[in-house]
Every structure is written in structure tokens, then in C-alpha cells.
Amino acid sequence: MTSIEPDVVSSEMRTATGPVSTRRRFLKLGALLSAGVAGCSSSKKANEPLVDPADESVNEWKDRPPTVQESLGVWKKGVGVPYEASAPGVCALPGPGRKQRFPDPEKYADVETVHSMCQLCSTVCGITGIVKDGRIIKVEGNPADPNSRGKLCARGQAALNHQYHPERLLYPLKRVGPRGSGKWKRITWDEAYDEVAAKLREVQLSGKPEEFAFHQGRSRTKDAVANFLRAFGTNTHLNHRGLCSAARRAANLTSLFESDWDLGDYPNSKYILNFGSNMFEAHQGHVAGAQRVQRGRFENGAKFVTFDVRMSNTAGNSDEFFMPSPGTDGAVALGMAHTILSEDLYDAEFLEEWTNVSIDDLKSEMREYTPEWAESVSTVPAEDIARIAREFAAAAPQATTMCNRGSSAHVNGYWNDRAIVLLNALVGSVGKPGGFCWMFTGGYDKKRFPSPKGPSKPKTPSILADPPEFALSNVWNTMKVGEIVYWYLKTKRARIQVYMTYNIDSPLTWPETEVTRSVMLDEEAIGYHVCINPFFNETASMADLVLPWTTYMERWDVDARGAYNLKPYLSMRRPMVDALGEAKDVREIFPEIARRVGGSMAAAYPMQDMPEYMAEWVKNVPVAEDADETPMQYMERVGAYEDPDQRPYYTPYLKPLTEADLEGAVLDEETGIWTKDGKGVGIEREGGAVLGFRTPSRRFEIYSEFVQRTGRNQDTKDLTALANSKGKNRPAYHKGNEYDIYPWPKYSPIDEHQDMGDDQLVMTSFKWNVHNHGRTANLKWCSEIVHSNPAWIHPDTAKRMGLKDGDFVELTGHRSLYLAKLTPNLGLGSGEIEKRLRIAVWVTPAVHPRALAISNSLGHWEYTSVAKAKKGNQSVGGESAGMDRAGFRDPDWERNMWWEDRSGGDPKKWVKNRGNGWVQNTVLPIAADPISGQQAFHSTVVTVRKIT
Amino acid sequence: MNEAESLAAVARLFGDLLLAELDETRLQGLLEPRARVALAALGIDVPEVRDGGLDELAADYHAAFLQPRGGGAPPVGSLWTEGRYEGALTVRLRELAKSAALEVDPDAVRDAPVDHLGNVLHLWAACIDRAPWVSNELAAEHLAWADAPLARVEDAGGFYGGLAGALRAFLNELSVTRIPTGS
């Protein structure tokens, strides 16, 4: 350092306005420090500044320091520009601090664009980040993504709120006080890695690798997670599928085996029959799906009919909308099936050729399900049920059903969805253009674009990942039964030594909040809990160690979602900017932990530089011979790849078998099935051998011997050999949990819905178009739109209960009688949930009179001040140098968070649309459908008591 | 020793204390009698700790300066000027550092944001000779926001409350300090 002469300083430096003694005290301290007293200089080395000469990458003056004039030139570029004038992403709000230059004509000058993928919900749309000065100033849809095609929903538009949130978790934290006490200290990554590795080694030494449990919410980093768990040797890889889509998947798999996910060919359809899907707001793949539904309607004249207990935006924007009683979608579908069969409106050729039942048997099975019966069950008029069935059949084969959690998330969800799927077979729209379609792979073609090789799956069984009570949850896909995990731990049927949670907020989003909370705080049930998340959420608050995870704008993945073009595609998530703070992706965290655990785990985990690993993954993306770029460079330039020569996955069952396919194959004359080495390869039809469906009968299975035998824990190897796609026996430890699964579609009434009291309703759940389940309430742009979730209640019901808009009620949740009867071994019983929920009501005709609807996503007690609708600690208050001490200064938040609830919990003082909402799961019991493991979010009977 | 260098030494110490919890070595240094007296004169009471005391101090540090849950007061400029990370202040500070051919060493500052007050203090100290106009702009234009978080921490008391109080006074000194630029 070249020192400034003391005399120059003393003559030119102006002195402080404060007491001279204060300045002298600082000078005295400074003199001591400069003399080396107290070792109080920089933490790097004594007297060495933390601010260093810039390296060549940022220093324009590589060979020499800048001259004064050069330095001043850079400095002058930005001198005197007020902060707000250049703050991107802030709306032109009214008030004294509003932007004066909006829109800013220079905002998009000198920007870079980075193609990537959204991950604020499950739809993973293609996005493009606009990056300027090293930070993202806008995120928009990438038109080159073949699935989302440039569209991006409100959540995705709020990406900046997520990326630069003032309460992001940026450093590893270790708890200092008791678990859940809220006392933390920052530790280094080295300390964190060592601690986790030591805990994992203890699990290894215990000889119980399954007691290392990994619990994910939304994971799009499947390869890295699988590699990590396989390298360790645990199969306790838990997910949330049971809370999401298990019943629908099981219903599809029953008939198709090949795929669990139907992808209606909506743009080419003439009739879309929607049972409880909220495609326009929240369905998995909703951005890709909704635009194709609308294209089908407006370009192809498709009719769109919705059945839902609540008028969602999808229902309200349908051509026709009906409100069935909760959990009776299956009855409506069966009523339609009856009409189609009894009026001979079915596709006889398809039924005879391509299903495994006779028309006579089918008619016999459906005989009792008349539209009148369906009306008596569902309240939907019989004449409408019959009329819609006729319209649906007339539109076929360009007709398809659509369903999701509305029909599935019931204790009888599997049966609802099997009845819905059946309709497509009756009218012969299965696999046809405009009909009920699916893909051989979820999104990208894993055979053509395999992820780099990792370790193989371990053999150790896991009772938490495959609980024995749930017959079909894991025999095709590993659907798990996430909602049962905490109950198993509570009842000591399992224990976890190390629990690693990843992008999950189960205390808020899982049923029966108190069970989740008590188990997560119980160190006997969960020995050690490490939480990986970008924000300090409810899960983190109950952890021992919290690791800051990157946002989706800071990490790598290869990804795709159910491909609505019916062609596989591939997209890439790539960092738009450097990670903030010390946030790291699991692709960096896992190998380092594996390295420190050492031994076989370190040897098994593929340690590769990340861009190199990604390049290997996409190496089969074809690039033109004359193109001067690699596949990786193509992905960087475009963001996604879809093979233009690939035909849509229509009628795959008609694919002719080649001579090579048939070489060495044997034909069973009785069934017409071709087998090779005992495994099914196709089916003989008039005109030759074709692939057929990938089921045991090589036909679309309306009748399923497989599910019947699986329920009984019988051997199904002969069936799965013929299917030669998916399906396996239940493991031996499932014995004793036999369950009678009827092989035909049927209606299965929910016991507790039959004799409800006058003060009882069926509580249903829903999701808004600006939120996902538990990860968006922290986004201020989204939460300003929706932050409160009072219970929807029909005017007739309100009148009967003496309720008016804004009144508060107390809800008592009841466990399911239906489940208590069918899965007694779980010990859940049939009583009340101990906790009560006090919530405001909104009186609206947009909900069925027997139902009460409460949205999820809200009611956080952690997860940032925005999610809690808290501006800050008001008791601090006051102004300091023009700043509000009570909170960060944010024009959108501090000044405009008008929805903070000032009632102090007093219902009489509550103002409508204030606060951050309520947690429905407080009174929603753990209720897993015994067939698929689907959590029944929409079946719970609640007793309603007025309190104001 | 001139005034600017003395103030720079204090800026570096305060920057360090903002950027990291106290460890044993640092704490022993602060407890050195002359340093302890000088710090006490500024309202900073350096505690003597027993078993587990460093953890408690680390928890206090976390609650004061890191707390990612609201309620804390991370001294990061963009949070207080725009309610977000990577605001316009961050961009300007990068430009200022660049104009002096300097950069914040992310490892040394534990990946603290560029506009973390600890970094700003270090940048101020680093520029008093090589780019005094940078130090002057920092002092005159980019420190006012820091009074709000420091006031909140000061209200909470304890070692970090004392540090925050002293820092408020120190920033006040810097804000009226002009380093001659020679032009």
C-alpha cells in the first residue's frame, strides 16, 4: 500500500460531525490494529485485505494496473445513477419510489440469453433467462421447447422472486439448541460434509443400510439421487407419488402395463371428457396440456366437458360443467359405460379384437350401473350422463378422457380411475389420433439418451419404501406410499438413523400435520436429519443440519416431462448465473459426501466434472454434418431437442413384428400370443403378427387377473412374462396383507360418505394457478394474487349451518371407515383427528353442497416472511437514515404487503383476504388407498362447528 | 500512521467481524488487554467464554447477521435497498471494484455477497490509495442503507449489538470522510 502522507490527510480530510472523541477512539483502535495488536487484521493473513487485485478474467488491464484516467472511465459509467432506476423486475408501482423510466429502454441492451428449464412445478417448461451484469433480469418461455412451446405460467414468471429472494438460504446451518428450537449456527461445507459422512458411516457399521432414508419432494435430478443411494446401498428412497398420482397411475397400468401416464391427444380430439382435472391451473404438465386442449377446442371443434366438485378455472372454462358428489366420478363413468353398452354405441371391433373381455361379459358387468343409479350416487342428472356418453361415443375415436387428482385422490380413487379409463376402450379411442394416448417413455427416450452409467440397485428391502399393506403400489413402478412413512415411524414399525430430505415440505403438505411434526422432532424415530433446500422451510426447522441448495437457475439437469406431442424430447437445465452464497447442487454435494464416506461408496459414485457429464448424456443428440457445433453446443444454443423424423406414438399395438422379432418365437394357438424364451413378444391378428399391448393378454386389459392375483399375494410370473414390460410379484414380507381386488372395473362406495350428519361435509382440496403444493407461497408476485384460503361452502349448506361469508368455523377431521375396514393392520382406526382447524368460510355456489373446499399451498409458519405474510418485526419499527428498520426495503413488499393479518388471531377482527391462509392438513388424516397407496386428499368427512 | 490508514484498519476489523463468527483465535486477540479496552471504549464488550460459549456466540451471530427466516438483519445492501439479492447496488459495487482493478475474493469472504457491508468496508480500505474516488463514493453514497440493519442488531444487545452500535458510529465517520484524490 502506498500511504497517504499524514500532513496531506490532516490538512485535506474533513473531520466527522460527531463528537471528536468518537473519531479519536476509532483512530486509536486503528493504530493498535495496524501495530498488530490483537491479531485483529484480516482473517486471511495478517494485514492482507480480502479484496484482491482482480484476476485476468475480470481485469481489463492484464499486464499493468489501469491508469487513473482508465480507472475513472469505468467508475464514471455508473456514478450517480439511483438504485431504483436500474432495478430490474420491479413493477412501476405508485408511490414516492416509483420508477421514473418505465419501461427502461436500455433494460435489454447488452444481455445474454441462457436456455434452461423451469422447476417451480412439475411441468418443467422450457425457459430462457435474460442475463445482464451477471444477474438474471427476466425469465421467459423458450419457444424451442417442444412441450411447453414458449408458454410459461405465473409461477415460472416469478422466477426472479425465487432466485433473488432476500431470505434465501445461503450457508450450511447446524442446530445449536434442541431439534426444533430454532437456534442455529453457520458451519463450513467441510464441517457439514464430514458430519454427514460420519453419520452415514455409522449406518453402514450398523449393518442396516435401509435405515438411511432419502425423502424427496419434487426431484428432477433423478440420476444423481439414484447414484448416491445406490452407491450407499439403501433402497429407502421415498417420494411423494402416493400423495400425488398413485391411483391414476395404477389404473392406467392395470390396462396398459406399458405406461402409467395417459397423454390425451387433445389437439386432434373432438371430445375431451374431464373428471376432476384442473388442467388449466395445476395438472402435471398443465402448461403443455392446457394449450393443446384449447387448440383442440378452437381449431378442431372439440367439446370439453368437466366433472368436478368445485368450479375450478378449468371447470368454469369448459363447454359443460357438472358437480358430482365427492368421490363419485367412477359412478358417473360407469353410468356412461352402461349407456354406451346398452345402446350399442361401442366400438365392437376394438372390444373384440383388442380387449381381453367379451362384449356380453362386459354388458353383464355394467348392467346395474344405469345412469339413474349413477345419478342417485353422484347427483349428476341421469339424462346428462346418458347424453354425454352418446356424444362421447359419437366423437370417437377422436375422443378421450382426462382425469387426475380430482377423481384419484380418494380412498376409492383406483376404482374411479379404472372406470374412467374403461370409457376409452368402449369407444375404441385407445391409442388413436385424437384419442386416449400415452408414451413408451415419460419424456425423453432413455434408451437413446441414457444418462452416464451409475451403480446398480441394491437388494436390501425397505419396508418404508414398499409397505406391505399396499398391493399395487410398487409392482409396476416404484410409487411408494409417502404418506405412510411418518405413521410407520410413529408406531415404531420402522426407524431411521439418517434422514436426508430434499426439496420437500412434508410438515406443511403431508396429511396429519401433528403426526409429521411429532415424528420429525423425535430423535428416537429419526436419529439424524439433514435437510437440503433453497429456503428455510418447515422441514428445515425440524432438521439437525440444513444444506443450502441451488435454485433451478443455478444447476444442471437433463429433463423432460410427459410429451404431449407423443414424441420423446429432451431438454437441458443449465446454470444461468453462479450460485448465490455457498448454495450447492446435489450434483456437487453427493460426490463429496460419497468421497468422505469412502470405501465402496466412494468407488461406486461416478465422479465426473458436470459439464462433461452432461455432454456425455446428450452425446446422441444429432447435429447436422455441416453444423460447426457439438451436441452440447446445440443444446446450449436451442435448449431442447425433438426428433423431427419421429412419428407420434399412435396405436403402438398395431406395429407389425418383423422376421427378426419372430425368429425363434412360438405361437400359442389358443391365445394367439407369440413368445420367445417364454416372454411375450406379440400377438397374432388377421394379417399377421403385431406387437399388441404390453400386457399379459397382449390386449388392453379391462379384466385384470394380474391385480387380482397380486392382491392375494399370489405368483404372477407367468403373467408378467407374457407382458414382458412391467410387473413383478410382491416381496415375501407382504404375506399376511392379502386384499381382494376385483378384476373388473367397479364402483366402490365410501362408507363414511353414506350417513353423514347435518353438520358434516366432505372436505376436498385444490391447487391455485399461482401456487404449487408447498414451494411458491414465498414468491411475492404469486402470493399477492393468492395468499388466503378460506373454506368454500355452498349457500344452501351455509344456510343450513347458519353461516355467512367471513364467519369462522371449527373443523374436526374424521379418519376413514372405509380404510379402517380394509387396512386394519395399519392401526389408524376410525376416530377423530385430535387437532382442530379454525378457518373462515367463503360462501359460494362454486362448490358441491356436500363438499367443503380448502386450497393447499398456504398457511406456512416458516418459509420466509412473504409466505407468512409478515412484513417484519413491527415491534422494532422506526426509521434509520431513511430506511425502515422493520424489514428489508422492497417497494413490492414492505410498502405494499397489504394482506398482512393484524387480527392477532381474533376471528372478529379478521378482515377478508388478509393473512397467509390455513393448513388443511391439520385435520386431514393419513388415508392411503389400500390398492395403490394414493393419499385421499378429497375424501375426509369433517364436522363443522360455527364459532363466530 | 495517518488517519486514513487507521480508519482502514478498523474497517478491516469490523469487516471481518461481520463476515465471520468469532473463533478461538480471533476471540483471544480481541481479549488482548489494550484491544479490549479500545473496543470497550466504543461500546463493544468482548465476552470471555467457557465451554459451549463459542457455539452460543455463533448462534448469536447467525441470529443477527444470517438468519434466513426474516427477523434477522443480514447487512447486505441490496436486501435493504431493493428487498432482494443482486440489486443495482451489487452491480455498482462490482463496477467500483473493477475500476480499481480489484475483486472480492469469494473464498476469503465466505461467499458473502459483494454488497455485504463487510465487503464494502474492505473495499473502502483497499481503495484509499489506489482509487480514492472509489472510497469516497462508497462512503458518501453506498453506506446509508446499513444503518437500518445495524440498528436492529444493536437493539438486540450482546457482543454483536455492541459491534453494531460501534459500526453505526464508524459508518457515520466514514460518510463524512473524504480521501484526497489528487485531482
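The model is a predicted one, in which local features need pLDDT of at least 70 and side-chain atom pairs count only at pLDDT 80 or more, while totals for chains, interfaces and linings use all residues. Residues are numbered from 1 along each chain as its sequence is written, with chains lettered from A and ligands numbered from 1 in the order in which they are written.

To see this pair, select residues 246–256 of chain A for α8(A) and residues 413–426 of chain A for α17(A), which pack at an angle of about 45° with their axes 8 Å apart; axes are lines fitted to C-alpha atoms, for helices over the stretch in contact, and angles run from 0 to 180 degrees between N-to-C directions. Their crossing is right-handed, the near helix being turned clockwise from the far one by less than a right angle. Next, show A:A247, A:R248, A:A250, A:A251, A:N252, A:T254 and A:S255 of α8(A) together with A:G413, A:Y414, A:D417, A:R418 and A:V421 of α17(A), the residues that make the contact, where contact requires C-beta atoms, placed from the backbone, within 7 Å. By class, this contact has five nonpolar, four polar and three charged residues.

Move on to α7(A), residues 222–232 of chain A, and α22(A), residues 586–597 of chain A, whose axes come within 10 Å and cross at roughly 10°. That angle makes α7(A) roughly parallel to α22(A), and the crossing is left-handed. Here the contact is made by A:A224, A:V225, A:F228 and A:A231 of α7(A) and by A:V586, A:R587, A:F590 and A:A594 of α22(A), which divide into seven nonpolar, no polar and one charged.

Now display the whole of chain A, whose secondary structure comes to 32 helices and 30 strands, helices being DSSP runs of H or I with at least four residues and strands runs of E with at least two. Buried residues make up 56% of its 948 residues, buried meaning that 20 or more other C-beta atoms lie within 10 Å of a residue's own.

Finally, select residues 117–130 of chain B, helix α7(B), whose 14 residues should span 20 Å at 1.5 Å a residue, in agreement with end C-alpha atoms 20 Å apart. This helix is mostly covered, with 12 of its 14 residues buried, including B:L117, B:H122, B:W124 and B:I128.

Terms used: Parallel < 35°, antiparallel > 145°, perpendicular 65-115°, else oblique. Contact = placed C-beta atoms within 7 Å. Nonpolar A, V, L, I, M, F, W, Y, C, P; charged D, E, K, R; others polar. Expected span 1.5 Å × (residues − 1).
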